[in-house]
Amino acid sequence: PPIVERTVVRGDPGPDAPSRRDPVLEARNLTRSFGPIKGLDDVSLSVGRGEVVVVLGPSGSGKSTLLRALNWIEPADSGDVLLAGESLPWADAARRIARPEHMLDKRRRRLGMVFQSFALFPTMTARQNVALGPRRLLGIPKTQALAAADRLLDKVGLKDKLHSYPVELSGGQRQRVAIARALSMKPDAVLFDEPTSALDPESVGGVLGVMADLAGQGLTMVIVTHEIGFARRIADRIAYMERGRLLMDLPRDQAFGDDAPDYFRAFLSREG
Ligand code: ADP
Ligand code: MG
């Protein structure tokens, strides 16, 4: 097997980089084991406000485990996650118990998550799905929540599908509802885990187009994807993982430039 470098290749983001000036989301030394397998091996990553970080890596390299740890869906064994500078230590059970679940929920709401397979409520229309979180979790009155949902659905190009049920929508349209739903909570950042991997080829472009629009509007995003061309167009930074380790974290132009590390160039040529 290839020798995995122990040092992370990091580009100097400069003193004015968003990740330094105004970090929204920070992973510090996250580690997670599944028996003998290291899902995450000392991973640190800082995401600045308005930054788009694309996480690339082969299947099984720990990308989903990282997003789940960032969102506290599945805590890391050790390490720390900071959201807008506030730490939520997971390091041991005692500290975990010291953080009541309702506090966790509150923090989690500030991070949107979009998964490969979208779990919309089948008995609710698109606008009802999007309005649900704000109504239930933020206590926004129904009329106001539905009006906000309509605006968000317009933003993701579904103005004419407000009253459609999930079964009446294509995969790409459902995924755009899921994005609107994530945005409905006014999150500090949205994490995307292979949002287009389960879609028909003809649906992929629309979803990526919406994500590019959101990036252009300054949404803070962490995106796991295999769409290299898309990453190249919209990422501010590229992070690369292998075997649970974050090996590279470079500004986009450096990552796709001639001086990028060999293992990353090899990955790119494999991915096509
Ligand atoms: P990726 O998203 O990059 O494909 P994952 O984060 O899903 O990778 O997985 C990283 C590694 O951790 C893989 O070897 C995977 O098999 C393992 N893994 C992830 N989740 C679990 C789990 N719940 N139980 C056991 N092993 C897991
Ligand atoms: Mg995954």
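What share of the 272 residues of the protein counts as buried? The figure is 41%, where buried takes 20 or more other C-beta atoms within 10 Å of a residue's own, exposed 12 or fewer, and partly exposed lies in between, with C-beta atoms placed from the backbone. This is a predicted model: local features need pLDDT of at least 70, side-chain atom pairs count only at pLDDT 80 or more, and totals for chains, interfaces and linings use all residues. Residues are numbered from 1 along each chain as its sequence is written, while chains are lettered from A and ligands numbered from 1 in the order in which they are written.

**Overall build**

- The protein has 11 helices and 11 strands; these are DSSP runs numbered from the N terminus, helices being H or I of at least four residues and strands E of at least two.
- The radius of gyration is 19 Å, close to the 19 Å that the globule rule gives for 272 residues, so the protein is as compact as a globular protein of that length. The radius is taken over C-alpha atoms, and the rule is 2.2 Å times the number of residues to the power 0.38.
- Along the principal axes, the C-alpha atoms fill a box of roughly 55 × 45 × 40 Å.
- Of the contacts with a separation of 6 or more, 69% join residues 24 or more positions apart. A contact puts two C-beta atoms, placed from the backbone, within 7 Å.

- Seven strands form an open sheet: 7 strands in the order 1-11-10-4-9-8-7, with mixed pairing. Pairing requires at least two DSSP bridges between two strands.
- Strand 1 (9-10) and strand 7 (111-114) are the edges, each pairing on one side only.
- Strand 7 runs parallel to strand 8 (residues 189-193), joined by 4 bridges. Here Val114 stands opposite Phe192.
- Strand 4 (residues 52-56) pairs in the parallel sense with strand 9 (residues 221-224) over 4 bridges, and Val54 has Ile223 as its bridge partner.
- Strand 4 also runs parallel to strand 10 (residues 237-242), again through 4 bridges. Val53 stands opposite Arg237.

- The largest nonpolar core has 71 residues, and Val55 and Val222 have the most contacts inside it. Such a core is a set of buried Ala, Val, Leu, Ile, Met, Phe, Trp, Tyr and Cys residues joined through C-beta atoms within 7 Å.
- Helix 7 (residues 171-184) gives the most to this core, with 6 residues.
- Beyond four places in sequence, Val55 touches Lys63, Leu66, Val222, Ile223, Val224, Ala239 and Met241.

**Around ligand 1**

- The shell includes Phe34, Ile37, Gly57, Lys63, Ser64 and Thr65; a residue belongs if its C-beta atom, placed from the backbone, lies within 6 Å.
- Strand 3 (37-48) and helix 2 (63-70) each give two or more residues. Helix 2 gives the most, with 3.
- The shell divides into 2 nonpolar, 8 polar and 1 charged. Ala, Val, Leu, Ile, Met, Phe, Trp, Tyr, Cys and Pro count as nonpolar, Asp, Glu, Lys and Arg as charged, and the others, Gly among them, as polar.

- Ala84 has phi near 50 degrees. Ala84 lies in the loop between strand 5 (78-83) and strand 6 (86-89), and is partly exposed, with 14 other C-beta atoms within 10 Å.
- Glu194 has a positive phi of about 45 degrees. Glu194 is in the loop between strand 8 and helix 8 (201-216), and counts as partly exposed with 19 C-beta neighbours inside 10 Å.
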